[in-house]
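Hi,

Here is the structure I said I would pass on. Have a look at it first, and then read on for what turned up.

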Amino acid sequence: MQLSEKSQAFVLHFGEMGSRWGFNRTVGQILALLVINQQPLHAEQIMHQLGISRGNVSMGLKELQSWRLVKLSHQAGQRREFFTAAGSIWDMARTVFEERSKREVDPTLSLLRSNLLEEPENEADQFTQQKMEEIHDLLELITQWSYALNTMNPDKLQSLMKMGSGISRILELKDKIVGNKGSAAS
């Protein structure tokens with residue numbers, strides 16, 4: 001089966017975006033192909049639809065399995081392994097976030113924590129440690145916020161996201177009210 005022009009454009013674009021999300025172009029294309037197919041695909045189908053080698057398909061599927069973004073299944077009477085996208089788009093977005101956090105944020109926080117336990121030896125080290133502490137605190141805050149978002153059900157998360165700039169207006173209003181109370185007390 002050949003991809004439609006629209007599907008092909010989506011797959012190609014998703015491949016390019018995949019390189020910005022933490023995996024290579026081919027892996028992004030394989031994931032996109034699995035996302036837009038209603039039926040599970042086997043490696044040979046992926047190979048033919050994307051025009052890539054069997055080795056690239058195999059490595060790409062292993063990468064997607066390590067990211068927990070595809071599910072492997074078997075079909076009665078078939079020796080081949082079949083692959084599908086692992087869950088809804090929301091589920092996959094959460095999984096990418098969790099995996100990126102494990103691979104990037106957690107090691108950075110670990111390094112920062114261990115460095116912050118050491119006493120600075122001089123003024124330059126003290127300045128460096130202050131900056132590392134700022135980075136640590138920011139990453140901790142982002143991690144806590146992200147965890148809270150990640151545990152919300154998709155409907156609530158979608159509602160929160162739709163609020164968008166409305167939240168900043170509420171915070172500005174709060175600042176004005178708090179600011180006015182502070183001015184009146186002076």
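Before the first helix pair, a word on axes: these are lines fitted to C-alpha atoms, for helices over the stretch in contact, and the angles between them run from 0 to 180 degrees, taken between N-to-C directions. Please also keep in mind that this is a predicted model.

Let's start with α2 and α3. Helix α2 covers residues 25–36 and helix α3 covers residues 43–50; their axes come within 11 Å and cross at roughly 110°. Angles of 65 to 115 degrees count as roughly perpendicular, and α2 and α3 are therefore roughly perpendicular to each other. On the α2 side the meeting residues are Q29, I30, L33 and L34, and on the α3 side they are I46, Q49 and L50. Sorted by class, the contact of α2 with α3 has five nonpolar residues, two polar ones and no charged ones.

Helix α2 has another partner, α4. Here the axes are 9 Å apart and the packing angle is about 75°, so α2 and α4 are also described as roughly perpendicular to each other. From α2 the contact takes in T26, V27, I30, L31 and L34, and from α4 it takes in N56, V57, G60, L61, E63 and L64. The contact of α2 with α4 divides into seven nonpolar residues, three polar and one charged.

I52 sits in the loop between α3 and α4. Is I52 buried or exposed? Its relative accessibility is 14%, and buried means under 20%, so I52 counts as buried. Setting aside neighbours within four places in sequence, I52 is in contact with T26, I30, M47 and V57. Take T26 from that list: I52 and T26 are 26 residues apart in sequence, and their C-alpha atoms are 8.3 Å apart in space.

The other loop residue is N24, in the loop between α1 (5–21) and α2. The side chain of N24 reaches two backbone nitrogens: that of T26 at 3.0 Å and that of V27 at 2.8 Å. N24 has a relative accessible area of 45%, so it is partly exposed. Along the chain N24 and G60 are 36 residues apart, while their C-alpha atoms are separated by 8.6 Å.

Now for α5 and α6. Helix α5 runs over residues 89–117 and helix α6 over residues 123–150; the axes come within 10 Å and cross at roughly 150°. Angles over 145 degrees count as roughly antiparallel, and α5 and α6 are therefore roughly antiparallel to each other. Their crossing is left-handed. The contact draws on R94, F97, E98, V105, T108, L109, L112, R113, N115 and L116 of α5, together with Q129, M132, E133, I135, H136, L139, E140, T143, S146, L149 and N150 of α6. By class, the contact of α5 with α6 has nine nonpolar, seven polar and five charged residues.

With a relative accessibility of 14%, H136 counts as buried. Not counting residues up to four places away in sequence, H136 touches L109, L112, R113 and L116. By contrast, I89, found in helix α5, has 56% relative accessibility and so counts as exposed. I89 and G15 are 74 residues apart in sequence and 16 Å apart in space, C-alpha to C-alpha.

Finally, a few details of the backbone and a helix end. R68 is in the loop between α4 (54–66) and β2 (70–74). Phi of R68 is near 65°, a positive value in a residue other than glycine. Most residues other than glycine have a negative phi. R68 is partly exposed, with 39% relative accessible area. Further along, N153 caps the N-terminal end of helix α7 (residues 154–163), with a side-chain oxygen 3.0 Å from the backbone nitrogen of D155. After α7 comes G164, which has a positive phi, near 40°.

Cheers

Conventions: Residues are numbered from 1 along each chain as its sequence is written. This is a predicted model: local features need pLDDT of at least 70, side-chain atom pairs count only at pLDDT 80 or more; totals for chains, interfaces and linings use all residues. Side-chain values use heavy atoms; hydrogens and water are left out. Helices (H or I, at least four residues) and strands (E, at least two) are DSSP runs, numbered from the N terminus. Angles under 35 degrees count as roughly parallel, over 145 as roughly antiparallel, 65 to 115 as roughly perpendicular and the rest as oblique. A crossing is left-handed if the near helix is turned anticlockwise from the far one by less than a right angle, and right-handed if clockwise. Contact means heavy atoms within 4.5 Å. Ala, Val, Leu, Ile, Met, Phe, Trp, Tyr, Cys and Pro count as nonpolar, Asp, Glu, Lys and Arg as charged, and the others, Gly among them, as polar. A polar contact is a pair of N or O atoms within 3.5 Å; within protein, one must be able to donate a hydrogen and the other to accept it, and residues adjacent in sequence count only if both atoms are side-chain atoms. Buried means under 20% relative accessible area, exposed over 50%, partly exposed in between (1.4 Å probe, protein chains only).
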